[in-house]
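Please prepare a briefing on the metal site and the salt bridges of the structure shown below.

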Amino acid sequence: MAAFRPFSSLLVGGNTRQLLAKRGAAHFNFQPSDAPKEYGDVRQKMNLCQAVNNAMDIAMDTDPSAVLFGEDVAFGGVFRCSIGLKDKYGADRVFNTPLCEQGIAGFGIGLAVAGSTAIAEIQFGDYIFPAYDQLVNEAAKYRYRSGGLFECGKLTVRATWGAVGHGALYHSQCPEANFTHTPGVKVVIPRGPTQAKGLLLSCIRDDNPTIFFEPKILYRLAAEEVPVGDFMIPLSKAETVRKGKDVTIVSWGTQVHVCLEAAQLAQEKLGVSAEVIDLQTIQPWDEDHVVESVKRTGRLIVSHEAPKTSGFGAEIAATIQDRCFLHLESPVNRSCGWDTPFPHVYEPFYLPTVWRVFDSIKKTVKY
Amino acid sequence: MLSVLSKGFKPAANSTVAAATTVTSTRLASTNDVNFTVQSYKLHKLDNGPKTSVTLNRTDALDFYRKMQVIRRMESAAGNLYKEKKIRGFCHLYSGQEACAVGMKAAMTEGDAVITAYRCHGWTYLLGSTTTQILAELTGRIAGNVYGKGGSMHMYEKNFYGGNGIVGAQQPLGAGVAFAMKYRNQKNVCLTLYGDGAANQGQLFEATNMAKLWGLPVIFICENNGFGMGTPIERASASTDYYTRGDYVPGIWVDGMDILAVREALRWSKEYCDAGKGPLMLEMATYRYHGHSMSDPGTSYRTRDEIQNVRKTRDPITGFKDRVVTSGLVTEDELKEIDKDVRKEVEEAVKIATTDGVLPPEALYADIYANTATQEIRGATIDETVKQPFKTTTEVLKSIGRL
Ligand SMILES: Cc1ncc(C[n+]2csc(CCOP(=O)(O)OP(=O)(O)O)c2C)c(N)n1
Ligand SMILES: [Mg+2]
């Protein structure tokens, strides 16, 4: 298997080319989830893009102050998440902005502090950096610096996120950790359509500014039966998506599916029972949920697509060694993107693939 | 120079295209050069501007035609490679805008610099890369302009500070490059290019302020192709007179579909900056034929008719061809010969771009820092973990005998 070859033997010949030729295929298999009963019985097959659309539709329908804006969103946005909403709610509620992320974010903060529900789209997570100042210095600190008199909790910033197979440096990044270092904003990332809908509705209705990152590779690729009604998945609550007893794996977004596959592989090849937790809200995160699991398994792997150094995995590892020190059977392992810019032709090598997570499981249980 | 007259005057056969500009031309008996009148410029805070009467010689006519055709062909080849999935990811074509880059390049002098956004293939070619280097960069191969590490949006050349993927990011950089020029007493300018969409990024206003404050030899150039992705300019810009949007920075509107107008505008602007009067802000009115990038068919926010109409009436290449042939400066046969050559050149480039190797995966780690300790690199098994063998792309290239 090409993916098993050592790095150094992957010189320029056929192997690299074979592997690179495959870069069109996704590096994981999407695992659909079955929403709990309380979210509603009536369901409809939706992909993640449609689920986001559906959530915004409900948000706008139930809240006449809600407006949606961003680059090209009136036409549906480049990923078509807002398709049909302008026709339904009018051009004064769903509108295009000029190309100016700092302006979009700042404008959204203004709208929100004046009482509107503001849903801003930043086309790619990679383009959120021009808006970084507004989000970090204004949105996150409005409540604190005014002693609670002013706040922009009605702001939700949606941005696409993560690898797609060929996005290269500026269409692939996962900037969640840049924002988790900022108290005052919440950061949320769904793993599938059901979570996208339920969590986005929570973000829109939460009284804090939230950043909702949408794994864009899942927009079309991930489809499942989603409850059609109005339901919310609580923020700051993790979900155990696979039960296990030997090792806990914490992840979010696309990477949850990679970890589920690795866990299955570990079961089959190593007889190891791995528990997989989808963190869902990255900040403020569900510490107790992870702590409870690690206390049972004694081992933890954190896996994210973003580079390892100063990734949110570091925060989880630090907290777990603090709260679970005497329960740990092995060091907390981080199976993450490498500390490189997101590469152009080397995406298959950059990503923490199933094999890398599998290797981490092996290392952790054999420690 | 060969005598145009001795070549015999042959009117353009079945040419239906009329250049948008006035096609009046006068042959200058003494030099065999031809005088053309170009559409007038619009000026902002300037008392005088570039000339509307410009001269073109035979060598330049052939050269400009060739360069515009190379870019057009190369971009078509890129489009095809994309459809064949040999280019992945993001790929923005320059087709329709050739007169802007080729015209500006014609007025540039040694040491002038350029920085632009992601629509950079044409510029990379003009500043020295071969079509092979560009197409191979698109396919991510070693023969690429940056060995496959950058891809479509990130190409570089001497005095070409790149291809930038973040819209608006290059604008202040251009001011910085110009400051360095001024500091070194260079008689040079930095052409800082951006789109009509990028014109709305706040960074432009920060950059123009610095440039004016410090009198920098920077020419801000808005290539207004009518759209920022799917958004027509009127829907995104409160003022679509992009040449006036530098406020206190004087500006010039230029017909960007006419290479001669572009060349003259840049020649004049360079002179202006050389006299220490910079910065300036130019707007090139142009058009993009393809969608924004390859994932955009480009027909949902404009009609096919609109595109066809521009192709018919304002195409920078057909318009130019018509004028130089009609005026007798060159013959249709000479241009056909060029077309043949160009086709061959691009075909050969495609061959290399689709067959050359990919840089070894070790390059993933190369060139992140200039001087850090080598990192551990995990192999497929724990025992195969190695120390990073190369720290720079150059070392990787040497190891495989490609440098
Ligand atoms: C900061 C940032 N925001 C958004 C994008 C996505 N994007 C890429 S190009 C583009 C439109 C730019 O239009 P324009 O400046 O007119 O240039 P053109 O494509 O017409 O050459 C957008 C919105 C980006 N690359 N960077
Ligand atoms: Mg444009």
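Is R267(B) buried, partly exposed or exposed? R267(B) is partly exposed, its relative accessible area being 31%, where buried stands for under 20% relative accessible area, exposed for over 50% and partly exposed for what lies in between (1.4 Å probe, protein chains only). This is a predicted model, in which local features need pLDDT of at least 70 and side-chain atom pairs count only at pLDDT 80 or more, while totals for chains, interfaces and linings use all residues. Residues are numbered from 1 along each chain as its sequence is written, chains are lettered from A and ligands numbered from 1 in the order in which they are written, and side-chain values use heavy atoms, with hydrogens and water left out.

**Magnesium site**

- The magnesium ion (ligand 2) has D196(B) (OD), N225(B) (OD1) and F227(B) (O) as its donors, at 2.1 to 2.2 Å; donors are N, O and S atoms within 2.8 Å of the metal (3.2 Å for Na, K and Ca), and since water is not among the atoms, sites may look incomplete.
- Along the chain, the donors of this magnesium ion (ligand 2) are spaced as D-x28-N-x1-F, and both N225(B) and F227(B) are buried.

**Salt bridges in chain B**

- R267(B) is paired with E264(B) in a salt bridge whose closest N and O atoms are 2.8 Å apart, the term meaning a side-chain nitrogen of Lys or Arg within 4 Å of a carboxyl oxygen of Asp or Glu.
- Both residues belong to helix α8 (residues 259-274) of chain B, where being 3 residues apart separates R267(B) and E264(B) by about one helical turn; helices (H or I, at least four residues) and strands (E, at least two) are DSSP runs, numbered from the N terminus.
- E264(B), at 5% relative accessibility, counts as buried.
- A further salt bridge joins D356(B) and R402(B), with 2.9 Å between the closest N and O atoms.
- D356(B) lies in the loop between α11 (332-355) and β12 (376-377) of chain B and R402(B) in the segment after α12 (393-399) of chain B, so this pair ties together parts that are 46 residues apart in sequence.
- D356(B) is buried at 12% relative accessibility, whereas R402(B) is partly exposed at 37%.

**Salt bridges in chain A and overall**

- E287(A) and R323(A) form a salt bridge, their closest N and O atoms being 2.9 Å apart.
- Because E287(A) lies in helix α11 (residues 287-297) of chain A and R323(A) in helix α12 (residues 312-324) of chain A, the pair ties together parts that are 36 residues apart in sequence.
- A search of the whole structure finds 32 salt bridges over all chains.
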